Amino acid sequence: LVAIMGKPALLRKEPPAEIWQYRGQGCIADVFLYEEGAALRVNLVEVRPIGGTQVPAPTCLGSIAGRHHTNE
């Protein structure tokens, strides 16, 4: 996840889960990871708008991943 999206803007730990929050162009993505053995596995991704304009999930996630790869 970090290799694709970078470090989260906010990380909240609520065992057995972690919520990683990312900010994209006009959107926020919350990635819910749950413990699976010694590792964490993505269980759910929720995307919501910033400022009221709905952004499709693929567009939001693409803007986050694209920004991360441009900053490398």
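Me: Which residues does I50 touch, leaving out those up to four places away in sequence?
Reply: The model is predicted. I50 sits in the loop between β4 (39-49) and α2 (57-70). Contact here means heavy atoms within 4.5 Å. With residues up to four places away in sequence not counted, the residues touched by I50 are R23, G26, C27 and I28.

Me: Is I50 buried, partly exposed or exposed?
Reply: Buried requires under 20% relative accessible area and exposed requires over 50%. I50 has a relative accessible area of 37%, so I50 is partly exposed.

Me: How many Å apart in space are I50 and A29, C-alpha to C-alpha?
Reply: In sequence, I50 and A29 are 21 residues apart. In space, their C-alpha to C-alpha separation is 10 Å.

Me: How many bridges join β3 to β4?
Reply: Strand β3 covers residues 27-36 and runs antiparallel to β4. One of the bridges pairs D30 with E46, and another pairs V31 with V45. The number of bridges joining β3 to β4 is 10.

Me: Which residue in the turn between β3 and β4 has a positive phi?
Reply: β3 and β4 form a hairpin, with 2 residues between them. The positive phi in the turn is about 70°, and the residue is G37.

Me: Which strands are the edge strands of the sheet?
Reply: The sheet is open, has 4 strands in the order β1-β2-β3-β4, and its pairing is antiparallel. An edge strand pairs on one side only, and this holds for β1 (10-14) and β4.

Me: What is the average twist from one strand to the next?
Reply: The strands concerned are those of the open sheet, in the order β1-β2-β3-β4. From one strand to the next, the twist averages 20°.

Note on methods: Residues numbered from 1 in each chain as written. Predicted model: local features only at pLDDT ≥ 70, side-chain atom pairs only at ≥ 80, totals over all residues. Heavy atoms only, no water. Buried < 20%, exposed > 50% of the residue type's maximum accessible area, 1.4 Å probe, protein only. Pairing = 2+ DSSP bridges. Axes fitted to C-alpha atoms, helices over the stretch in contact; angles between N-to-C directions.
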